Amino acid sequence: MPVQKIGLVLYPGCMPAGLFAFADLLTAANRRAGEQRFELCWVGLDSEPVDCAQGMRLQPQSSLAQAACSAVLIPGLWADSEAMIAQVLEANRGLIRALSQLPRSTRLWSYCTGVCLLAQSGRLQGERATATWWLASSLQQRFPQVDWQFEQTQVSNRLTATASGVSGYLPIARALIEEQLGALVYREIATLMVLPRPEPATPVFRSVGLMQQTDPLLRRLHLLVERLPAQKLGVQRLADELAVSARTLARKVRALTGLAVADQVRLIKLNQASERLILTADSISRISAALGYGDESSFRRTFKHVTGLTPAAYRQQYKV
């Protein structure tokens, strides 16, 4: 099997930590295979040093156009607003053009905010893709010809792959190693390097993570639901606790999540249950009782209705 030459793309302000981690994983894969299956090459728009995040200046080994890579990985950058993303796209027009001019057979991978550069190159048109969740609205408007699937943390196509979050390099590396060397080899590498467990594939609970709630009322609702027993989560009780009318609460939750209050509350509470199923050895009956479900059978039915899995099957599939 031919060696895959993979370009690690450097551009001003990029976060190189993921590139180093990706390189370490492929180096481990080469050692495990007993031969070089992956060749790594640091590339930039040209061969000039690149000022990256955290004050790091890194030297490309080759320009992107001359490296002749079979695949390239584009990292993210520190950005906390759509305006910053727009500035980065403008400042990197040369790199974006170089990406667009790569041979059509080149595999293009990106993660986190770096997906914006890949999308701007046009190489995601008509492709499924994902990116960091807070960019969803902006990217859908800016790149309507991309089939955005923000409920997924990683999306792979024949020639493109995208992932969300600053650790998005990990599922991309995993898919590559499993493709070339098999799932067993990746599991051995993951054990040896004590890699974090990838996020479960089910998208059901991703929208209710507390870190993702930026609206103050939604955050207060989330914390309140986690604190109260499931049996006491009526809409009027919640509204009273939050010092708003039930109508205001319903309108605000619908506007922010697209869900009725009861549906949002159910997701938050079942997310608590899912975490305990994954992270503890507590019995299902104990988890049900601890979270205030009066009827274990009802809890089991509701959990399966929402996730598609029984609590026992969910634990077996996603247990850390």
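Which helices do the buried residues of helix 7 pack against? The close-ups below, taken from a predicted model, start there.

**View 1. Packing of helix 7 against helix 1 and helix 6.** The buried residues of helix 7 pack against helix 1 (17-33) and helix 6 (169-181). Helix 7 itself spans residues 183-192. Its buried residues are Val 185, Tyr 186, Ile 189 and Ala 190. These cover an arc of only 135° around the axis, so they lie on the same side of helix 7.

**View 2. The exposed face of helix 7 and the residue after the helix.** Leu 184, Thr 191 and Leu 192 are exposed. They sit on the face of helix 7 turned away from its buried side. Val 194 follows helix 7. The phi of Val 194 is positive, near 50°.

**View 3. Crossing of helix 8 and helix 9.** Two packed helices are described by the angle between their axes and the distance between the axes. Helix 8 covers residues 216-227, and helix 9 covers residues 235-242. Their axes come within 11 Å and cross at roughly 120°. Helix 8 is therefore oblique to helix 9, because an angle of 65 to 115 degrees would count as roughly perpendicular and one over 145 as roughly antiparallel. The crossing is right-handed.

**View 4. Residues in the contact of helix 8 with helix 9.** Helix 8 contributes Leu 217, Arg 220, Leu 221, Leu 224, Val 225 and Arg 227. From helix 9 come Leu 238, Glu 241 and Leu 242. By class, this contact has six nonpolar and three charged residues, with no polar ones.

Definitions and conventions: Residues numbered from 1 in each chain as written. Predicted model: local features only at pLDDT ≥ 70, side-chain atom pairs only at ≥ 80, totals over all residues. Heavy atoms only, no water. Axes fitted to C-alpha atoms, helices over the stretch in contact; angles between N-to-C directions. Helix = DSSP H or I, 4+ residues; strand = E, 2+ residues; numbered from the N terminus. Parallel < 35°, antiparallel > 145°, perpendicular 65-115°, else oblique. Left-handed = near helix turned anticlockwise from the far one by under 90°. Contact = heavy atoms within 4.5 Å. Nonpolar A, V, L, I, M, F, W, Y, C, P; charged D, E, K, R; others polar. Buried < 20%, exposed > 50% of the residue type's maximum accessible area, 1.4 Å probe, protein only. Arc of directions from axis to C-beta.
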